[in-house]
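Welcome! Let us take a friendly walk through a protein model, one part at a time. Have a look at the sequence and the structure before reading on.

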Amino acid sequence: MEIYVVQRGDTVNSIANGFGVAVETVIVTNQLIYPYRLAVGQALLINDGITNRDRYVDFNGFAYPFISSWVLENTLPYLTYLSVFSYGFTREGYLVYPQLADEWMIELAGQFETIPILTLTPLDELGRFNNNLITSIVNSTEYTNRLIEELLYVLESKGYGGVDVDFEYIKQEDRDLFTAFVVELHSRLSAQGYTVSVDLAPKTSANQPGLLYAGKDYAALGATADWVLLMTYEWGYKYGPPMAVAPINKVRQVVEYAVTEIDNRKINLGIPNYGYDWPLPFIQGETAATTLGNVEAVQIAVNQGVEIQYDEISQSPFFYYTENGLEHVVWFEDVRSMRAKFDLIKEFNLRGGGYWTVMSWFYANWVLADSTFSINKKI
């Protein structure tokens, strides 16, 4: 695989001819839209059909039940696990099912030898995140038992292969109780042949303060779970100031700490499959960014006739544009930023990666992943 950055005066034909590959291959791999205009600074993956797979990895992808069946069908060949988002629960430990049917996702995953995973999140009956639900569950043996029994019933009846525990903003006073909950969950589920994974906020030290971090004991959870996901994204987020979603310098700090607490072969690196478009100027408490797909972001740059820049520190692409008199800045992911994350997986010999989310089709990413790694299939 080669990554080529578009220069002024380039065309799809001139680039393809320069690399000796078919024009159609460049178009399809990079999801170019007719009449195939390019943006200066756009990163193109040149697929020459040569692979350099030096190790096996697990890839996990999160998806809501309203994902396009076409997108899911095309993504599943590259996934070891599909985490269906999301099952919630009540204070008393009764499961709250997704509003849309998930059975079709489980069935389709099986056709591609991808293991479906039930994602458990503290969502209440109205679909809102509520960390008081966590407090209620972890402080009650009765509620814990009920929740685990309900999970076991759904796992067996629907054909899930395990549970991913995605509990965020755990209160500091619930930290050890949450760990004990995961220990009990793993003991009960593993006895029936199911896996348990845990999603971890991106910590850089054991005693890092803050509601996002204080409730997660990396060492204890890593020792208990079958694997963990480092949620190494959302530095740039919807209500925050414009910046890269997953700056590689920040991601590296999380990984460097995580491997001191957790077996590296249990760690999946979180990978964002999206970007944000911020109107400017940014005003804290007022400005909200718009989420957009990586291919969509490039198309905005093409349509606006602006140059895509690349920040070497964060190893992330960005650009500015003006529409209707309002300036915008867009940070997103491209094959360069994805390759930087793949390099981290290789450098630290991690288990693999976990994509939040696979709702948008980013074909060049999967071509790059497939040429870099051999993707585990475990069914």
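Which residues of β7 point one way from the strand, and which point the other way? Gly 162 and Asp 164 point one way, Val 163 and Val 165 point the other way, and all are buried. Here, buried means under 20% relative accessible area, exposed means over 50%, and partly exposed is in between (1.4 Å probe, protein chains only).

## About the model

This is a predicted model, in which local features need pLDDT of at least 70, side-chain atom pairs count only at pLDDT 80 or more, and totals for chains, interfaces and linings use all residues. Residues are numbered from 1 along each chain as its sequence is written, and side-chain values use heavy atoms, with hydrogens and water left out.

## Parallel neighbours

Let us stay with β7 and look to its sides. Two strands pair if DSSP finds at least two bridges between them. Strand β6 (residues 115–120) is joined to β7 by four bridges, and the two run parallel. Four bridges also join β7 to β8, again running parallel. Asp 164 is a handy landmark: Thr 119 stands opposite Asp 164, and Asp 164 stands opposite Ser 197 in β8.

Another parallel pair is made by strand β9 (residues 227–230) and β10, with three bridges. Leu 230 has Leu 269 in β10 as its bridge partner. Six of the six residues of strand β10 (residues 267–272) are buried, so β10 is largely enclosed by the rest of the structure. Ile 267, Leu 269 and Ile 271 point one way from β10, while Asn 268, Gly 270 and Pro 272 point the other way.

## Two helices to check

The expected span of a helix is 1.5 Å times one less than its number of residues. Helix α7 (residues 175–190) has 16 residues and should span 22 Å; its end C-alpha atoms are 22 Å apart, which agrees. Among the buried residues of α7 are Phe 178, Phe 181, Val 182 and Leu 185. The buried residues of α7 pack against α5 (131–138), α6 (141–158), β7 (162–165), β8 (195–200) and α8 (218–224).

Helix α11 (residues 335–347) has 13 residues and reaches 18 Å from its first C-alpha to its last, close to the 18 Å expected. Its buried residues include Val 335, Met 338, Phe 342 and Ile 345. Just after α11, Asn 349 takes a positive phi of about 50 degrees.

## An antiparallel sheet

Now for an open sheet of five strands, in the order β12-β11-β15-β14-β13, with antiparallel pairing. Its edge strands are β12 (290–292) and β13 (309–311), each pairing on one side only. From one strand to the next, the twist averages 30 degrees. Three bridges join β13 to strand β14 (residues 316–323), and Tyr 310 has Pro 317 in β14 as its bridge partner.

Helix α10 (residues 294–304) packs on the sheet, touching β11 (275–279), β12, β14 and β15 (326–331), and its direction makes about 45 degrees with that of β14. Axes are lines fitted to C-alpha atoms, for helices over the stretch in contact, and angles run from 0 to 180 degrees between N-to-C directions.

## Cores and loops

In soluble globular proteins, nonpolar side chains tend to be buried together. A nonpolar core is a set of buried Ala, Val, Leu, Ile, Met, Phe, Trp, Tyr and Cys residues joined through side-chain atoms within 4.5 Å. Which residues touch the most other members of the largest nonpolar core? They are Phe 59 and Leu 120, out of 99 residues. Apart from that core lies another, of 13 residues, among them Ala 301, Val 302, Ile 308 and Phe 319.

Phe 332 lies in the loop between β15 and α11. At 2% relative accessibility, Phe 332 counts as buried. Leaving aside neighbours within four places in sequence, its contacts (heavy atoms within 4.5 Å) include Tyr 274, Val 298, Ile 308 and Phe 319. In another loop, between β3 (56–63) and α3 (69–75), sits Ser 68. At 34% relative accessibility, Ser 68 counts as partly exposed. The C-alpha atoms of Ser 68 and Ser 360 are separated by 8.7 Å, although these residues are 292 residues apart along the chain.
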